[in-house]
Amino acid sequence: MKARTILLVVFLGCLLMTVLYATSTKPIKLVFWHMEARPHRVERIKELCEEFNKTHPGIEIMPQVQSWGEIYQLAPAAIQAGRGPDFMLTIPDFLLYIKALGVVQPVTDIIKDLQQKYTFFDSALEPYYFDKEYWAVPIYGMTFALWYRKDIFRKAGLDPNRPPRTWKELLEYCEKLKNSGVVKYPIAVPGAIHMATDQLIYTLMVVNKAEHIFGEDPNKVIFDNPRTVEAYAFYKKLFDYSPPGSTSWAWDEPRTALFTGQVAMVMEKGHYIKGWVDNANAPLSELGCAPAPIPEDGQPGAIYYSNGLMLLTNDPQKRAAFKEFVEWLHQPNVMSRLLHMDPGFFLPVTREVLYSDAFWSDPVIKEKIPAVLIQIETAKHGKLFGFTRDTVNPNAGVVSAENILAWTAQLITVKGLSPEEAVKLGAKKIEEAIK
Amino acid sequence: MKRISSVILKDPTFGLLLVLPLLLWVAVTLLYPAVDAVRISFSNVRYVGLPIKYVGLTNFKHVLSEREFWDSVIRTVIWSVSNVALQLVGSLGVALVLNQEYKGKEFIRNWIILPWVLPTIVLAIVWKWILDPTHGVANYILIRLGIVERPIEFLSSTTWTLPTAILLNCWRWIPYFSVIVLAALQTVPKELHEAAAIDGASRWKRFTHITLPFISPVLKVIALNSLLWSANIFDTIWLLTRGGPLDHTTTLPIYIYSKAFRSFRFSEAAAAILMFLGLLLLVIIYLRILFKEEGAQR
């Protein structure tokens, strides 16, 4: 009898708890995938999501870290298996790739609402507008600059405050640095079949007015032209000043070479600032920054692209929660903290953040104001392959996914072909890839 | 009760029931993907999740018409044959040395297995450091000794990359095969060697007429395993060179991976896999027949 009573009490207790659990208001959970896998970035994103969750009890953003190296394989498989995220970080060409799966949700209404408060930079927003909709909310941008060691310039008898501005000057500086004996190799140039090489070559193409890989007709490849050939010829000249083994160099090797003083110059994105603070053997004041040098008849610019958040769920409640999150994130003081996860690398995409005190308050940014301004100015003229026409080219993703620009470079650096021959073969490869 | 359980244990159906979970597991993890690969190879899938359209033999025709495919086939043959030959000779040589009597032989026998035990990623990183043209110790030594004037680009030049990758792969696998050969060597009766020595047989004659015939079945198994494992290797090559420079180390597994995950042409990758498996199967059947014939002749 006693046992029966206990059993009944336990049963009723369980029933009550189940009813209470079912009727309680559960927060709307959103899984957020991002590919900022460096530890300090992971930590900052987690911190911001937790802060949002605390101040918005009805919503729970759950950040999960992925890697850029695997995301092209992982995301489609996960989405297909119903295990994909509710929203994720993207770049313009990756967006095109995922959009083909039919899961990316338009965010035009969210962008329009944000535009009531904030002014997005065109170069950040435009790549995400096609088929009459916006498909992602930009959060930060990144571009290229010339990074150099002032201490090495000084030792080599060069003015550390007068970096090379033109292609001709850059080659002269390389020669002077080499002849000075201060460094054996004046510049580090990536040469692997990798995005790092793609981005450097595309920067050279942009400044040499060869930014269009495709014609007005998205299926017409116009890569094989004299301007592109000149850009590759210049790349080869720089490559000859780079340390041996550069054909397998991507992002990390040039970085290490500059930080350890093996080379004096590198052309890369702004993560060199934080990297210098963490790794270099000299004060931050010794890291110089200049716009990417341009040819005599060239134009200012470099590769530029913004990272955005794309929504993958069509659940209206989750959509509303996503909207709330991006609105919160775009507040200048919050967004600045996100950008400070790698100060000087992540650039603002709205005027409000750019002109906010919060953005300029970071001590590293304060010390490198000219470097940040150079990148912001470059971003205005920034370009991204496949996104240089009025309408977005659906073939854009192929060029970057297959690293065809870098592959073409290896025809010159590894196989010894002339830039003309290499570019011709590169064009053929692009045509083959978009079939 | 005892009788009933012994009857159940002897029942073949009971045995089948015991292996059924394993069979199911293999079916789900191997058979299903294999069958799906066949289906994908006849369709036009670029990557997971896109709608499928059947295209017949188009993917096979396209892959067969690609120069890169045939280049990777030739490279796979060079890679596999070199690996098998070097691993066989190397493991035999090492095993013969390990089979001698000397101080500390137990320690050395255990120590030598280390390259095989370490994860591939560790080996790749360590060797990339050692062979780096600017910071690597290998080039430093070569230059200091006056053997070379300029650093050798072991993992980034068209001349050196494939041989270097082959040697590094052999360095990894020779210790493992050596231990197996060593075990075989220890089964060779000492009396035979002693009797042959008394009869005046030289060391070489004793090796070719006594040792080698005794251990040849093991060597054949090693050759077959080495061939299979070498032809299939992806991680070592990918981590060392990513198939470069300019495809100079792109063997078939690397070609298939690049097709699927860089060019996003899943269907062509699936077609290439099927052709690769077919090729491998033919080689294995040929080798088995060859070994059987040799055995029968003996």
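This is a predicted model: local features need pLDDT of at least 70, side-chain atom pairs count only at pLDDT 80 or more; totals for chains, interfaces and linings use all residues.

Q: OK, how is chain A divided into domains?
A: Domain 1 of chain A takes in 28-142 + 305-380, and domain 2 takes in 143-303 + 390-434. Taken over C-alpha atoms, the centres of domain 1 and domain 2 of chain A are separated by 27 Å.

Q: And how many residues of each are in contact?
A: On the side of domain 1 of chain A there are 23 residues, and these are in contact with 25 residues of domain 2 of chain A. The elements giving two or more residues to the domain 1 side are helix H4 (92-99), strand S6 (137-149), helix H17 (363-367) and helix H18 (369-380) of chain A.

Q: Which of them gives the most?
A: That is H18(A), which gives six residues to the side of domain 1 that touches domain 2. By class, this side of domain 1 of chain A has 15 nonpolar, four polar and four charged residues.

Q: Switching to the chains: how many residues does the contact take from A and from B?
A: The contact takes 23 residues from chain A and 19 residues from chain B. On the side of chain A that touches chain B, helix H3 (68-80) and helix H20 (404-413) of chain A are the elements that give two or more residues, and H3(A) gives the most, with six residues. Sorted by class, that side of chain A has 14 nonpolar, seven polar and two charged residues.

Q: What about the largest nonpolar core?
A: The largest nonpolar core has 179 residues, and Trp147(A), Ile187(A), Ile201(A), Val263(A) and Met310(A) are those with the most contacts inside it. Helix H9 (residues 161-185) of chain B gives the most to this core, with ten residues.

Q: What is Trp147(A) in contact with, neighbours within four places aside?
A: Leaving those neighbours aside, its contacts include Leu258(A), Met265(A), Tyr272(A) and Cys289(A), and Glu268(A) is also among them.

Q: Last one: where is Leu312(A) found, and is it buried or exposed?
A: Leu312(A) is found in the loop between strand S10 (304-311) and helix H13 (316-329) of chain A. Leu312(A) counts as buried because 21 other C-beta atoms lie within 10 Å, where 20 or more are needed. Leaving aside neighbours within four places in sequence, Leu312(A) is in contact with residues including Ile79(A), Pro85(A), Phe87(A) and Val103(A). Leu312(A) and Ile98(A) are 214 residues apart in sequence, yet 9.4 Å apart in space, C-alpha to C-alpha.

Technical notes:
Residues are numbered from 1 along each chain as its sequence is written. Chains are lettered from A and ligands numbered from 1 in the order in which they are written. Domain bounds come from an automatic or database domain assignment. Two residues are in contact if their C-beta atoms, placed from the backbone, lie within 7 Å. Helices (H or I, at least four residues) and strands (E, at least two) are DSSP runs, numbered from the N terminus. Ala, Val, Leu, Ile, Met, Phe, Trp, Tyr, Cys and Pro count as nonpolar, Asp, Glu, Lys and Arg as charged, and the others, Gly among them, as polar. A nonpolar core is a set of buried Ala, Val, Leu, Ile, Met, Phe, Trp, Tyr and Cys residues joined through C-beta atoms within 7 Å. A residue is buried if 20 or more other C-beta atoms lie within 10 Å of its own, exposed if 12 or fewer, and partly exposed in between; C-beta atoms are placed from the backbone.
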